[in-house]
Amino acid sequence: MSVEVERKFICSADTLKTLEEIGVCVGQRQFHDQYFDNPQFDLTLRNMWLRKRKGCWELKCPTAAVSGTEEISGEHSEVAALCTRYKEITNLHEIQLRVMEVIKDVCEDRDAETDSSQQESWLRKMNLSCFAEFTTVRRSFTLEEEGVHIDLDQADFGYHVGEVEVVIPEGGDVQAALEKIERTAQKLGLTGHQRVEGKMHIYLKRYNPAHYTKLKSVHIL
Ligand code: V4E
């Protein structure tokens with residue numbers, strides 16, 4: 001299982017120019033994301049993000065801190081505060097198990113009268129429905145620095161955001177990932193000292209303020 005360590009940034013014209021000079025554009029793609037939760041928001045209130053992208057299920061959830069080994073010390077704590085770390089699970093069976101651990105209200109009867117689309121019957125049993133969906137056009141870049149990946153996202157509801165990402169194995173070297181992200185941020189001339197909002201922040205703020213307020217109140221967003 002992999003862990004994504006990433007720092008989002010707002011890509012100014014100057015940043016884009018620098019990125020085009022020092023990075024290599026490795027392609028552009030478009031994808032539609034659908035995010036799912038139950039009416040009580042049991043998943044997202046636990047910072048678990050279940051989505052379907054290009055026909056595949058993905059679950060992003062926080063990494064469990066391992067005592068001592070995951071302490072981010074000294075100069076890295078400032079960098080760490082600008083970054084997020086999420087585990088990404090792509091195996092459907094494992095996703096279903098993780099979701100079931102959280103959603104206690106599983107109802108076999110919910111599926112009784114519909115036998116069409118059996119594939120998605122687990123969603124109905126757990127009362128999961130789509131609460132957000134949007135399309136993203138993503139341009140991806142790599143840098144000489146090994147393992148650093150940069151995405152520039154343009155969401156169809158009018159939000160642009162960049163992210164510098166380093167993927168490590170679970171239990172891998174978070175500090176080294178943060179150092180790579182910091183060096184990249186410096187090369188790109190990123191100066192912000194505040195976490196930049198992701199697409200979901202803007203989407204929910206705009207289209208589902210009640211859900212947004214709940215997540216804000218428990219500091220998930
Ligand atoms: C983890 C998370 C969400 C799921 C979507 O994650 P995100 O990285 O924003 O989307 P995307 O499309 O770039 O995914 P990728 O292709 O990199 O896998 S929605 C909200 N969160 C939590 C979250 C947070 N609290 N703060 C920040 C800055 N980002 C995400």
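Where is Phe41 found?

## Backbone angles in two loops

Phe41 is found in the loop between strand E2 (24–37) and strand E3 (49–53). The structure is a predicted model. Phi of Phe41 is near 60°, which is a positive value in a residue other than glycine. Most residues other than glycine have a negative phi. Phe41 is buried, with a relative accessible area of 15%.

Asn127 is not a glycine, and its phi is positive at about 60°. Asn127 lies in the loop between H4 and strand E6 (129–142). With a relative accessible area of 27%, Asn127 is partly exposed.

## The nonpolar cores

The largest nonpolar core has 21 residues. Val5, Phe9, Leu19, Ile150, Val164, Ile168 and Leu188 touch the most other members of this core. At least two residues come from each of E1, strand E7 (148–155), strand E8 (159–169) and helix H5 (174–188). H5 gives the most to this core, with 6 residues. A second, separate core of 18 residues includes Trp49, Tyr86, Ala132 and Tyr159.

Which residues is Val5 in contact with, leaving aside its neighbours within four places in sequence? They are Cys83, Thr84, Arg85, Val164, Glu165, Val166, Ile168, Ala177, Leu178 and Ile181. Among them, Val164 and Ile168 are also named with Val5 as core residues that touch the most other members.

## Salt bridges

How many salt bridges does a search of the whole structure find? The search finds 16 salt bridges. One of the pairs is Glu4 with Lys60, where the closest N and O atoms are 2.9 Å apart. This pair links distant parts of the chain, with Glu4 in strand E1 (residues 2–9) and Lys60 in strand E4 (residues 56–62). Glu4 and Lys60 are 56 residues apart. Are these two residues buried or exposed? Glu4 is buried, and so is Lys60.

Arg51 and Glu58 also meet through their side chains in a salt bridge, at 2.7 Å from N to O. Arg51 has a relative accessible area of 6% and is buried. Glu58 is buried as well, with a relative accessible area of 11%. A network of salt bridges links Arg138, Asp151, Asp153, Glu163 and Lys199.

The side chains of Glu94 and Arg98 form a salt bridge at 3.1 Å, N to O. Both residues lie in helix H3 (residues 92–102), 4 residues apart, which is about one turn of the helix. Glu94 counts as partly exposed at 25% relative accessibility. Arg98 also counts as partly exposed, at 22%.

Which residues make a nonpolar surface patch of about 230 Å²? The patch is made by Leu97, Met100 and Val106. Val106 lies in the loop between H3 and helix H4 (121–125). Val106 counts as partly exposed, at 33% relative accessibility.

A search of the whole structure finds 0 disulfides. A disulfide needs the two sulfur atoms within 2.5 Å. Cys56 counts as partly exposed, at 45% relative accessibility.

Cys83 counts as buried, at 5% relative accessibility. Cys83 is also one of the residues in contact with Val5.

## The loop between E8 and H5

Gly172 is found in the loop between E8 and H5. At 23% relative accessibility, Gly172 counts as partly exposed. How far apart are Gly172 and Ala155 in space, and what separates them in sequence? From C-alpha to C-alpha the two residues are 31 Å apart, and they are 17 residues apart in sequence.

Definitions and conventions:
Residues numbered from 1 in each chain as written. Predicted model: local features only at pLDDT ≥ 70, side-chain atom pairs only at ≥ 80, totals over all residues. Heavy atoms only, no water. Buried < 20%, exposed > 50% of the residue type's maximum accessible area, 1.4 Å probe, protein only. Salt bridge = Lys/Arg side-chain N within 4 Å of Asp/Glu carboxyl O. Patch = residues over 30% accessible without salt bridge, like charges linked within 9 Å, V, L, I, M, F, W, Y side chains within 5 Å. Areas by Shrake-Rupley, 256 points an atom, 1.4 Å probe, with all protein chains shown as cover. Core = buried A, V, L, I, M, F, W, Y, C linked by side-chain atoms within 4.5 Å. Contact = heavy atoms within 4.5 Å.
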